[in-house]
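Hi,

Here is the model I promised to send over. Have a look, and my notes are just below it.

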Amino acid sequence: MLWMKWKMVVDSLRGRRRRLPCSLWFVLLFAAGGLVLFIHQQDLSEMVQHQGPGVKLGSTPRQSRETLSTQDRDRGKPDTFLDLRATDHVLSSPIPPMQFPHFENSRQQSPTPGSREQDIVSVHVSKRHRKLLKTSPPIHPLKSNVSSSASSLPPVPSSMASGSSFPPERWRELSSILEARQQLMKEICAKYKSSISKTITQHHVKHIFVEDKYKLLYCQVPKAGCSNWKRTLMVLAGQAPNTQSIKHDTVHYGDHLKKLDSFDRQGIMHRLETYTKVIFVREPLERMVSAYRDKFENPNNYYHSLFGKPIISKYRVNPSWVALKTGNGVAFKEFVQYLLDVHRPVGMDIHWEQANQLCNPCLIDYDFIGKFENMDEESNFLLRLAGAPPNLTLPSFKDRNPGDKRTSMQITEKYFSQVGVLERQRVYDFYYMDYLMFNYSKPFKDLY
């Protein structure tokens with residue numbers, strides 16, 4: 001009897017051992033499935049974290065021009081370069097770099113002599129540019145909200161065909177260059193400024209001067225020949241017999257020229273739609289150095305008091321009592337620190353403000369975009385287009401600080417050698433939209 005009970009116990013144990021492997025396999029399979037599901041969820045969460053808000057999975061997140069350019073530039077650079085840049089960053093201002101839209105090679109036209117415009121033949125498409133072209137939206141030409149009164153420049157006049165001032169070939173060449181500048185401006189505005197309000201207010205036209213007789217609207221960009229252009233407008237308006245007789249203070253402080261913002265809305269829109277709209281621009285960094293030399297290296301109580309004092313107070317280490325009292329002797333490096341500071345101790349000034357902020361070319365469809373680098377020829381070309389008297393040409397004299405040399409790119413390079421690579425890059429970024437809209441090439445080889 002006892003033996004029978006023992007046999008039953010042994011048989012039951014054998015049955016359990018036969019069922020144990022099945023239970024074990026079930027547990028193992030369940031654990032494996034759970035592990036696979038956990039790993040898959042982790043991958044999905046990491047993908048979501050890498051995407052910006054509103055970006056679909058698998059797409060490339062949109063990056064700023066500076067961030068993207070920094071990554072590409074650092075890739076493949078030796079460690080010594082990175083250490084040097086890190087040291088430069090420590091010595092520079094702690095203000096974070098400004099962020100700008102990423103860069104794309106825009107369609108460019110043939111340059112005028114000395115204009116520093118980029119030539120389409122010399123454009124090299126780098127790996128960075130190819131990447132940006134992939135991530136950039138297509139350009140759609142923007143329909144201007146202000147109709148252009150001279151969008152198609154006239155054919156060569158019969159008087160010009162026989163004269164020596166503008167041979168027919170040069171007339172057609174300049175016309176083609178000006179049309180290409182207009183087209184480039186429309187493309188850049190469509191790409192980067194398509195979301196701005198299209199309503200033109202008096203604030204947008206406060207820098208535009210009006211000459212009603214010849215139906216000209218001139219937007220002044222200081223340090224780009226505006227003094228001589230104001231003299232020319234005064235002669236066209238009959239306020240002076242010639243440009244040489246008009247002094248500097250008369251030009252800027254005499255209120256002899258009407259501004260577009262002095263009219264009511266109907267008068268503003270009528271002139272924008274029917275007059276020839278003109279802007280002359282200059283290489284941005286060269287213009288900025290010219291403004292610094294004019295306002296801070298020469299006697300100027302207004303700028304030394306209004307700008308010099310707060311600049312020296314904030315950016316100079318252990319300033320003297322005399323410097324704080326007078327504002328004299330602002331160093332170029334201090335001026336650069338002020339320009340790049342998002343918390344400036346004093347506001348911006350028209351002489352170093354970006355040209356696109358002064359004249360709003362994405363709101364106002366300028367018929368004539370001239371370049372300071374070819375000022376004489378292009379200004380006289382415009383005067384002939386406007387029907388000005390044949391003997392009237394743009395003056396070229398320098399009546400303010402005549403003993404100083406005109407600011408050139410060689411002088412500009414000398415001034416920027418006083419600041420580090422990071423500051424040069426950030427100043428270029430500050431004026432980046434001017435470089436893009438007006439098709440100027442990079443001024444220094446170490447810029448990206």
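Predicted model: local features only at pLDDT ≥ 70, side-chain atom pairs only at ≥ 80, totals over all residues.

Residues are numbered from 1 along each chain as its sequence is written, and side-chain values use heavy atoms, with hydrogens and water left out.

Let's start with the helix pair. The axes (lines fitted to C-alpha atoms, for helices over the stretch in contact, with angles from 0 to 180 degrees between N-to-C directions) of H10 and H16 (residues 409–416) come within 9 Å and cross at roughly 75 degrees. The two helices (DSSP runs of H or I, at least four residues, numbered from the N terminus) are therefore roughly perpendicular (65 to 115 degrees). On the H10 side, the contact (heavy atoms within 4.5 Å) includes Leu285, Met288 and Tyr292, and on the H16 side Ile411, Tyr415 and Phe416.

Next, two residues with a positive phi. Most residues other than glycine have a negative phi. Lys223 has phi near 70 degrees and sits in the loop between strand S2 (216–219; strands are DSSP runs of E, at least two residues) and H7. Lys223 is buried, at a relative accessible area of 19% (buried means under 20%, with a 1.4 Å probe and protein chains only). Asn439, with phi near 60 degrees, lies in the segment after helix H18 (432–437) and is buried too, at 2% relative accessibility.

Best wishes

Methods. Parallel < 35°, antiparallel > 145°, perpendicular 65-115°, else oblique. Buried < 20%, exposed > 50% of the residue type's maximum accessible area, 1.4 Å probe, protein only.
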